[in-house]
Amino acid sequence: MTALPPLREVIARHGLSATKALGQNFLLDEQLLDRIAAIPGSLEGQDVLEVGPGPGGLTRALLRAGANVTAIEMDRRCLPALAELEAAFPGKLKVIEGDALKIDPATLFDGPYHIVSNLPYNVGTVLFTGWLSGETWPPQWASLTLMFQEEVARRIVSEPDTSAYGRLAVLAQWRSKAKLAMKVHRSAFTPPPKVMSAIVHVEPATAPAGVSMRMLERLTEAAFGQRRKMLRQSVKGLPGALLALETLGIDPQRRAETLSIDEFVAVARALTAP
Ligand code: SAM
């Protein structure tokens, strides 16, 4: 491996001034980047998808960890810098110019892959919910290691009876294990964003039987759409929901945020049943 120039030099040489519209906040501390790349466990010989490599800081760390990286970047200004990385790690990095929202990762890999990314904040939640929403489980991805605004990360790993608990928590936890892997101070980024960040690590778990993803989505949408209301009000538009609550012995006077994920799953199962 050729010695790589410092990231600051790469950014200056290629004129990669950060663009807010593309959610660009770059990480330049190589030790921090190596710690992030270690979160999924050994990546030696593993396929990894990185969304938004930018100047390539995290990409380098993933390559140093021995991963085969496929990276999707929308900002073509970054491509020459990434081409230098491709040359430094022959055959280990493939860069695709494009919008990650429009590319199905299943078309990029034959087998399992990890997703590791310092996500652009403006599209991070949409990508994350998309990766978690397939009807087929387990998914093709083996793990997700993703940087979010800390407030979003806390919603993903939150527990019932907290203000952070909502649809994102149910989606992330009903058939996956989601944990807060690392907090990252705003000063670690160039330029620093206004808020703190955190990395969430998600691994697929066994999906509860007999539950349609779509039905769980409809249920949580209704229940948390009016989270201050009692369930008897918030889910009454969902056919069969009130009866399901009664059958399962769930008090309809409760509010959505008091229901455990198992309870949401049980109601969705009752509604999914043929
Ligand atoms: N990985 C780099 C790092 O950690 O320093 C950059 C992270 S920066 C927060 C987000 C990156 O995502 C930027 O390079 C930006 O151009 C890219 N990006 C933004 N929207 C994108 C999209 N829809 N598809 C692919 N890349 C995108």
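Which residues line the largest cavity? I will come to that list after one caveat: this is a predicted model. Then I will go through the cavities, the pockets and the ligand.

The answer to the opening question is L27, I36, L58, V116, S117, N118, T145, L146, M147 and I199. Two elements, strand 5 (113-118) and strand 6 (141-149), each give two or more residues to that lining. In class terms, the lining of the largest cavity holds seven nonpolar residues and three polar ones, with no charged residue. The space inside the largest cavity is about 40 Å³.

How many cavities of 30 Å³ or more are there? The count is two. The second largest cavity has a volume of about 30 Å³. Its lining is made of L219, L231, V235, A241, L245, L259, F264 and V267. Here the elements that contribute two or more residues are helix 10 (241-248) and helix 11 (261-272). The lining of the second largest cavity has eight nonpolar residues, no polar ones and no charged ones.

Now the pockets. The largest pocket holds about 450 Å³ of space. Its lining consists of 31 residues, and those nearest the pocket centre are L22, G52, E73, N118 and P120. Which elements each supply at least two residues of that lining? They are strand 1, strand 2 (47-51), helix 3 (57-64), strand 3 and helix 5 (121-132). Helix 5 gives the largest share, four residues. By class, the lining of the largest pocket divides into 19 nonpolar, nine polar and three charged residues.

The second largest pocket has about 240 Å³ of space. It is lined by 14 residues, and K20, N25, Y121, P193 and K194 lie nearest its centre. That lining has six nonpolar, six polar and two charged residues.

Next, the ligand. Where does the ligand sit? It sits in the largest pocket. The ligand is surrounded by 20 residues, and the closest are L27, G52, E73, D99 and N118. Some of these names have come up already.

Strand 1 (26-27) and strand 3 (68-73) each provide at least two residues of the shell around the ligand. Strand 1 and strand 3 also each supply at least two residues of the lining of the largest pocket. As for classes, the shell around the ligand contains nine nonpolar, seven polar and four charged residues.

A nitrogen atom of the ligand lies 2.8 Å from an N or O atom in the side chain of D99. D99 is also one of the residues closest to the ligand. A polar backbone atom of M74 is 3.5 Å from a ligand nitrogen. How much of the ligand does the protein bury? Taken alone, the ligand exposes 590 Å², and 99% of that is buried by the protein.

To recap, the ligand sits in the largest pocket, with 99% of its area buried by the protein. Besides that there are two cavities of 30 Å³ or more, and the second largest pocket, at about 240 Å³.

Terms used:
Residues numbered from 1 in each chain as written. Predicted model: local features only at pLDDT ≥ 70, side-chain atom pairs only at ≥ 80, totals over all residues. Heavy atoms only, no water. Near = heavy atom within 4 Å. Polar contact = N/O pair within 3.5 Å; in protein donor to acceptor, adjacent residues only side chain to side chain. Areas by Shrake-Rupley, 256 points an atom, 1.4 Å probe, with all protein chains shown as cover. 1 Å grid on protein atoms, 1.4 Å probe; cavity = no way out; pocket = protein on both sides within 12 Å on 5 of 7 lines; lining within 4 Å. Sits in = over half its atoms within 2 Å of the grid points. Nonpolar A, V, L, I, M, F, W, Y, C, P; charged D, E, K, R; others polar. Points joined across faces, edges and corners; volume = space filled by probe spheres on them.
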